[in-house]
Amino acid sequence: EKGKLWGGRFTGAVDPDMEKFNASIGYDRRMYKQDIQGSKAYAKAIHKAGLLTAEEESQIQTGLDQVLTEWESGTFTLQPSDEDIHTANERRLTELIGQAGAKLHTGRSRNDQVATDTRLWLRDVIGTELRPLMRQLITTIMDRAEAELDLLMPGFTHLQPAQPVRWSHWLMSHGWFLMADLTRLSQLCERVQQCPLGSGALAGNPFSVDRHQLAAELEFRGVTPNSMHAVSDRDYIVEFLFWASLVGTHFSRLAEDLIIFSTPTFGLVRIADAYSTGSSLMPQKRNPDGLELARGKAGRFLGNCVGLMGAIKGTPSTYNKDFQEDKELLFDSVDNMIGVLRVMTGAISTLTVDSDRCKQVLSEGMLATDVAYYLVRQNIPFREAHNLSGKVVALAESKGVPMSQLTLDDFKSVSPAFGDDVTTLWSYEASVEQYRADGGTARAAVAAQIERMRTELSAG
Ligand code: ARG
């Protein structure tokens, strides 16, 4: 097969449909830089191992720099024989520098090469894009929470009004999901940063290249421990895709809250024009499309994770072409995650909270628990207090008035433990201020969790 790196033993040509089906250059060209970086390190290593003269090594380094320049200036011309990024770069290098280029692949296989490139690429995008964007979003959430500490809103369980909470407390509850996601990202990145180069096709490297030196050169944290494992392992991608689907799930829930809060019926928040769209038919509409897409992307992230696990499942030992399926899924999840992170950050930093409406939708029913706690403070066992409070709620309902309009006699008819200080219960502010224990919705407790998140974020 002419022009093919592996053409030696072939006599027949590859079917054009097969050629197209087999090629990954259309998408793995995104890793051109990491592929060149890996090759530069490998050239250094095989020079040190005595396989290249100093002259040859230097030609390869210069040649690879030139290939990089061609990619970056958009002048790299693909040839039909360029099956993937590895063959394309090597083909071009050899065109540029001749014989020395043909020595670069000594002891190396595309199997350890692709694993190295993908790990480098993922590490880079985590460091330059994903981690900074996550941190920015978390910071946006903390800053808002800090600035709007005094705003109260209804807290919900089962989407039914439950107890009053601070708006900041709700906001931070989503922030903590993301904080844990950021920690997970750092932890999985440790596992991404193991260097498989020097594993060859499967058996290892026969020219005693210094794998630790190679790993250090590429700024990996260590070397993979088994060559057969190294070329068959895609778990670091699965882990990343799982991470993206978990983050996607968290975003879908945050988006859902905001979508509900922004409906005119709730009216607690208004999503900025910049993240809304109109209707082509109904002039009054303001649709939260940005948030809806963020919610919908959760399906794609999960699909990509399941898709790769499905592709890997049942593959026999070491490398199989099934693994080439990893990259489009990985790139898709990374690209979409970057998009979601940007839009979420933008939508959250620009939305406005309607503080009057937040107050308006607080209802006395949400203080029924406080009525029970009042009785608990009069030494009535909670179970009984809960029951008595229920009776107060029912009495108010039967009289068609809010609880605060009941007379002291009404209260006393339910329990003699009620005194005239029962009126102190009708303050939402006093209600939230009871929850002073760590993690609660009292002002000081929310301020403390914001502080804690700032500390954790600056440590990570
Ligand atoms: N394009 C291939 C991939 O992404 C590179 C490795 C090919 N190796 C092989 N033995 N055919 O997996």
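Me: Hi! Is Thr318 buried, exposed or partly exposed?
Reply: Thr318 is partly exposed, because it has 18 other C-beta atoms within 10 Å, a count that falls between the 12 or fewer of an exposed residue and the 20 or more of a buried one. Keep in mind that this is a predicted model.

Me: Good to know. Where is the place of Thr318 in the chain?
Reply: Thr318 sits in the loop between helix H11 (289-312) and helix H12 (326-350).

Me: Is Glu219 buried or exposed?
Reply: Glu219 counts as exposed, because it has 12 C-beta neighbours inside 10 Å.

Me: Switching topic: which residues surround the ligand?
Reply: The ligand is surrounded by Ser24, Asp28, Asp84, Arg110, Asn111, Val114, Tyr319, Lys321, Phe323, Gln324 and Lys327.

Me: How does that shell split by class?
Reply: The shell around the ligand has 5 charged residues, along with 3 nonpolar and 3 polar ones.

Me: Which helix gives the largest share of the shell?
Reply: Helix H6 (residues 110-147) does, with 3 residues.

Me: And which domains does the shell draw at least three residues from?
Reply: Domain 1 (7-106) and domain 2 (111-360) each provide at least three residues of the shell around the ligand.

Me: What domains does the assignment give for the whole chain?
Reply: The assignment gives domain 1 (7-106), domain 2 (111-360) and domain 3 (364-426).

Me: How many residues from domain 1 and from domain 2 does their contact take?
Reply: The contact takes 19 residues from domain 1 and 21 residues from domain 2. On the domain 1 side, helix H2 (25-28) and helix H3 (32-48) each supply at least two residues. H3 has the largest share of that side, 10 residues.

Me: What about the classes on the side of domain 1 that touches domain 2?
Reply: That side of domain 1 has 8 nonpolar, 6 polar and 5 charged residues.

Me: How far apart are the centres of domain 1 and domain 2?
Reply: Taken over C-alpha atoms, the centres of domain 1 and domain 2 are separated by 33 Å.

Me: Let's move on. What does UniProt list for residues 366-433?
Reply: An unreviewed UniProt entry lists residues 366-433 as "domain: Argininosuccinate lyase C-terminal". In the model, the chain over residues 366-433 is 60% helix and 0% strand, and the end C-alpha atoms are 14 Å apart.

Me: Which residues of helix H14 are buried?
Reply: In helix H14 (residues 368-377), the buried residues are Asp370, Val371, Ala372, Tyr374 and Leu375. Helix H15 (382-399) and helix H17 (428-433) are among the elements that cover the buried residues of H14.

Me: What follows H14?
Reply: Asn379 follows H14, and the phi of Asn379 is positive, near 75°.

Me: Last one: how do strands S1 and S2 run?
Reply: Strand S1 (residues 152-157) and strand S2 (residues 160-166) run antiparallel, joined by 6 bridges. Leu152 has Arg166 in S2 as its bridge partner. The hairpin of S1 and S2 has 2 residues between the strands, and His158 in this hairpin takes a positive phi near 55°.

Conventions: Residues numbered from 1 in each chain as written. Predicted model: local features only at pLDDT ≥ 70, side-chain atom pairs only at ≥ 80, totals over all residues. Near = placed C-beta within 6 Å. Helix = DSSP H or I, 4+ residues; strand = E, 2+ residues; numbered from the N terminus. Nonpolar A, V, L, I, M, F, W, Y, C, P; charged D, E, K, R; others polar. Domains from an automatic or database assignment. UniProt positions renumbered as here; feature names shortened; annotations may be inferred. Pairing = 2+ DSSP bridges. Contact = placed C-beta atoms within 7 Å.
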